Amino acid sequence: MSDHVTNRATETFVAHRNLLFTVAYEMLGSAADAEDVLQETWLRWVKVDLGQVRDPRAYLVRITTRQSLNRLRTMSRHKEVYVGPWLPEPLLTAPDVAEDVELAESVSMAMMLVLETLSPTERAVFVLREAFDVSYDEIAAAVDKTPAAVRQIAHRARRHVDARRPREVVPSGKIRAALESFQRAFESRDLQGLMDVLAPEVVLVSDGGGVKQAALRPISGAEKVVRFIVGGTGKAEGSLTSAPTVVNGNPALVLRLDGEVDGIMAIRVEGARITGLYYVRNPEKLTRVASETPLTLR
């Protein structure tokens, strides 16, 4: 391959890299695996005869989707033996991601968990169609189905997601306000303050991956959640601090123990109260957060 062709392939790949990463991440829920998929995509892309490619973006999305599907099926077996609840790897995202309401919702912890309930093919079709508006013909080529079959899969996946997704998309300002109230109450161990900001039906999901202490099942109800939060953080051996950040396009808290990242607390807000708490403590999922390099998606 000539230097000119290599440079052209590189420029095209770099131009679409954020998009490809976001596609892979939304399908896999793991930044580390998404990066591996991008590496595999690149290795295949540089072998392609670019003169035969009419739409480089569509071609790259197709490669990324196929590689993500292969990895997703392998990951499914790993999750079957995972200790406790599995949460997506949190991503530090640039503030402008939060301003893109549709993008912020599509990568939110709440939505990522909903996507976990889809089959691999349903997830691929839903992500490509709903999040990136890829045509049915292009999706069909990516998942090796007919366009008619893809339309049926998309309809089924959309119905499944709509039945489970949060009832409303809340502006980032309201989420920040709820998070600020939660942080004040959390840091002062204000039990009533926590009860006031949490919805009665709030659910907390914590992911320690069998390495860090976490609840082995989701905890439901404001009183039980408050007891878990206050009891768990009260046992911290060191100075536990919290600071606001933006994770998966939405306001969240980064918790540090003696200055080291110990966890990420993402929230779901409906109305003005918190209905979901997603507490990631698995060290393997905190590497990107600790590096403090916010991503601009798409």
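What covers the buried residues of helix 9?

1. The cover of the buried residues of helix 9 includes helix 6 (109–115), helix 7 (120–131) and helix 8 (136–143), where helices are DSSP runs of H or I with at least four residues, numbered from the N terminus. This is a predicted model, in which local features need pLDDT of at least 70 and side-chain atom pairs count only at pLDDT 80 or more, while totals for chains, interfaces and linings use all residues. Residues are numbered from 1 along each chain as its sequence is written, and side-chain values use heavy atoms, with hydrogens and water left out.

2. Within helix 9, the buried residues are Val-150, Ile-153, Ala-154, Ala-157 and Val-161 (buried means under 20% relative accessible area, exposed over 50%, partly exposed in between, with a 1.4 Å probe and protein chains only). They cover an arc of only 105 degrees around the axis, which puts them on the same side of helix 9; the arc is that of the directions from the helix axis to the C-beta atoms. On the other side of helix 9, Ala-148, Gln-152 and Arg-159 are exposed.

3. The structure holds four aromatic pairs (rings of Phe, Tyr and Trp, the last by its six-membered ring, pair if their centres lie within 6.5 Å; planes under 30 degrees apart count as stacked, over 60 as edge-to-face and the rest as tilted). The ring centres of Phe-21 and Tyr-25 are 6.3 Å apart with their planes at 5 degrees, so this pair is stacked. Both residues lie in helix 1 (residues 3–28), four residues apart, and both Phe-21 and Tyr-25 are buried.

Methods: Helix = DSSP H or I, 4+ residues; strand = E, 2+ residues; numbered from the N terminus. Contact = heavy atoms within 4.5 Å.
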